[in-house]
Amino acid sequence: MTLRLTNTLTGRQETFVPLEPGRVRMYSCGPTVYAPAHVGNFRSFLFADLLRRYLGWLGLEVTWVMNITDVDDKIIRDARRDGVPIAELTARYTAAFLEDAERLRMTRPDVMPRATEHIPDMVALIETLLATGHAYRTDDGSVFFRLASWPSYGQLARLDPTQQRVGERVEADDYGKDDVRDFVVWKGPKDGEPSWETAVGPGRPGWHIECSAMSMRYLGTTFDIHTGGVDLIFPHHEDEIAQSEAATGRQFVRTWMHCAHLQMGGQKMAKRTGNIERPADVYARGYGPRALRYALIGAHYRAPLEFGDDSLRSATAAVDRLDNVLAALDAYRSDAPSDTTMPTALAETRERFTEALDDDLNIAPALAAVFDLVREMNRRLDAGSLSTEDAGSAAAFLRDLDRVLGVMDQGDEALDPDLASMLEERAAARAARDWATSDRLRDALADRGIAIEDTKMGQRWRRLAEVRRA
RNA sequence: GGCGACGUACCCAAGUGGUUAAGGGGGAGGUCUGCAAAACCUCUAUUCACCGGUUCGAAUCCGGUCGUCGCCUCCA
């Protein structure tokens, strides 16, 4: 059992060895809270969540940090446009993000540092960069990182800084930098913009410095894993490496991991192109959060993924299938003796599941192993060849795998007493062969998000709410 | 122009040198069933964008062609 991960830094798959045995420290670039995050953003967050869950499932102790960027150009722009204080805007969208993340069953990171609460950490880093000549001040009070002082710049993105095409997107600066490619670590004060009085002068932090300061603050100068979308490789992560390593003289991150983009209509989902969809939009169309989660994590993280009704429908059906077998296993009662082949069947699935995820989180074959087991369990349920305990252990086994996947019905929610009595009534109606009443109750329960199946062992129910609209 | 990812069935997607090309969805037929649903069974790619090459053997390796997507200082 060795986990191998693709490291953007080396471009290769490497055996993952944590710096400290048994313990993993990872950082994920989180949201900028000026609008609700779209499902493309969530692909990257849920990819990090999948990794975090898998590491934990393997028995490693994980410290996961995800930042919240609560000061930046767009936040300032939108707050001004809406005439609301910045803190109010960011508080609103931070809450929205946390709610979306929770519904999508994203593991709560151990620390979610806010940029505005870590200005001193950033300033300390900037002071070091200034003192060592890796950064310089300009007339307006800004501080820039001096690219010329960092020869290995461009390693992560495999980009030659001298080849950058100045003029197209590399703009002649408005802060008066020495070299157009230098990037800002501290922005001098401007009218109408938030500003902090600090040892490097008044102003506000640049975007990149925030991740360097906050990740090192909670994870140390060198840590194991840093994740984000491929669009962050350059310049964001490249700049993080430069400023962090220039300041500490040590390697910043050992393994960089990046997930491919979510696409819609064959193009990257992005606010600038307008082809975005938010979790709320998806739910409004009748898909549940578990189906959305499945759609976002069901393909390999490094492959571009087309998002839309096709993928959501397919995901809904897949999650439904999992719910079904769990409901059937939970409801199963039999005096049959224990099926002696069960332990082997479960162990085999576990091995295939682990082997697949060990291979750079290759989730498709891991899911294939799960669904093969689902078919096998359904067969045995139909044949009645399981004991009650066998069914229980199979359900517990699947739910254990779900500590990684996070898409199944955990079966731990108490049923509303109202619904419970409707179920009882229906069972009674069926016993009396009163089909009209039983069918009416089935429809009524369906309206309340409960699906019913009648089996030889009586009626069985499952909840649809988290998967699809009733 | 530079760099990178990729092209497998109706859709999504594994497989990266050797038995029948995983799995999910969809479709067709069947079994079970008061009806429904679910489940199960059978079928749904002699073929892996295309053209060459290496090899006893290629979806997998090499070369070329075509096509798609991304990054190249707002970006998950």
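The lining of the second largest pocket takes at least two residues from each of helix H9 (309-331), helix H11 (363-383) and strand S15 (458-463); helices (H or I, at least four residues) and strands (E, at least two) are DSSP runs numbered from the N terminus. H9 contributes the most, four residues. In this predicted model, local features need pLDDT of at least 70 and side-chain atom pairs pLDDT 80 or more, whereas totals for chains, interfaces and linings use all residues. Residues are numbered from 1 along each chain as its sequence is written, chains are lettered from A and ligands numbered from 1 in the order written, and side-chain values use heavy atoms, without hydrogens and water.

A pocket is an open set of points on a 1 Å grid over the protein atoms alone where a 1.4 Å probe fits, with protein on both sides within 12 Å along at least five of seven lines; lining residues have an atom within 4 Å of a point. The second largest pocket holds about 380 Å³, the space filled by probe spheres set on the points. Leu381, Asp382, Thr455, Met457 and Arg460 are the closest to its centre among 15 lining residues.

RNA strand B is surrounded by 57 residues, each with a heavy atom within 4 Å of the strand. Trp207, Gly229, Asp231, Leu232 and Arg272 are the closest.
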